[in-house]
Amino acid sequence: MIYDYIVGSMVMENLKTLLLVEDDSIIAATHSSLLFDNGYQILIAESGEDALQKIKTTSFDLILMDIDLGQGIDGTETAKRILLEQEIPIVFLTSHSEKELVEKVRNITRYGYVIKNSGKFVLLSSIEMAFELFEVHKRTKEKEELFQMIAENTLDLIALHDIEGKYLYLSPSVEKILGYSPEELIGISPYSMFHPEDIVRIQNEAHAKVKKGEDGLSISYRILAKNGNYVWLETITKSIWNTDKTKIIQLQTVSRDITHRMNEITREKELEKKMKESEERYRIMVESSLEAIYVHRDFKFIYANSAGIKLAGANSFDDLKNKSIFDFVHPDYMNQIQDRVDSLYNEKVRAPVREERFIRLDKTIKNH
């Protein structure tokens, strides 16, 4: 009779529970005793069918699966069915080392392959290694699932490239940003889609980064969308190195659609250009005017056109700079000018135009 090495009918806490699937009662008893003595709880299944039943009622941490189980379903088929139901590390056992038997489990997720007569150390080490590999696999899978969740829900375009820049992966957001499905761009280099005017600039920026030994290139550029329009992207590129950090094997990019921002900048630049052109036209008109034009702040001159400089008897505006308008008013007209200033600043009405007398810089008196 084959005994299950579990204390009483209760699974002891904090001890890992293994399912040993073995049709040979002597081998099963030997392995069970060895594993129990080394801190594992053991349940034994004598066939593949028995293993499938026990999996339904008991939670296991690892399965030791004999490949050849005699009559009924063999170990490879049993493992496949179990893995369809749950993710669990499986270590295969066999009395044979022929290549054909090893090939039978090649396409099954496994964490070890142990020859039955290889000894205590090999068996225990294989189990320990299987647990370690399974933990690494779980952590990796969790990270991959997290990355996939972020990639599938972010508005940014996340991509992986080979060393030549060709797309290996694109997040679903590429369809919203560029109009392409991810599958349409796999194997294509984004460089072939760049705006011709941006290619040289991007190459120069990348070369400068590499020359400085820096990683994390950040660039803005235009890329051709499926509808024939160019979309502005802001992209950060990170290098993915091999395990010993000696070679770049992939590139990861995160891109954001900045078309709206760049359009706003373009509009602002165009508006600024038009304003400068307008200012230049008015400047030419004012400078060309035969009428004297003055601008003052707190009654001090801050601008005078050529006619105004000439009328004031000055050689250049520097002669008028920081002078008060009252320095030019004839004493007979001081009260009149003051009244006009008061009406301009207090009543906010336009004062009537009158002929007045003022004193030029050369102290000559002129009517204007």
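## Strand β3, tucked inside

Buried means under 20% relative accessible area, exposed means over 50%, and partly exposed is in between, using a 1.4 Å probe and protein chains only. Both faces of β3 are covered: I63 and M65 are buried on one side, with L62, L64 and D66 buried on the other.

This is a predicted model, where local features need pLDDT of at least 70 and side-chain atom pairs count only at pLDDT 80 or more, while totals for chains, interfaces and linings use all residues. Residues are numbered from 1 along each chain as its sequence is written, and side-chain values use heavy atoms, leaving out hydrogens and water.

## Its strand partners

Strand β1 (residues 17-21) runs parallel to β3, joined by 4 bridges; strands count as paired if DSSP finds at least two bridges between them. Here V21 sits opposite M65 of β3.

Strand β4 (residues 90-94) also pairs with β3 in the parallel sense, over 4 bridges, and L64 stands opposite V91 of β4. From β3, the chain goes through helix α3 (residues 75-85) to β4 in a right-handed β-α-β crossover (clockwise from the first strand over the helix to the second, with the strands pointing away from the viewer).

Over in helix α2 (residues 48-57), the buried residues are G48, A51, L52, K54 and I55. Down the axis of α2, they fall within an arc of 165 degrees, so they line one face of the helix (the arc is that of directions from the helix axis to the C-beta atoms). K56 and T57, on the other side of α2, are exposed.

Methods: Helix = DSSP H or I, 4+ residues; strand = E, 2+ residues; numbered from the N terminus.
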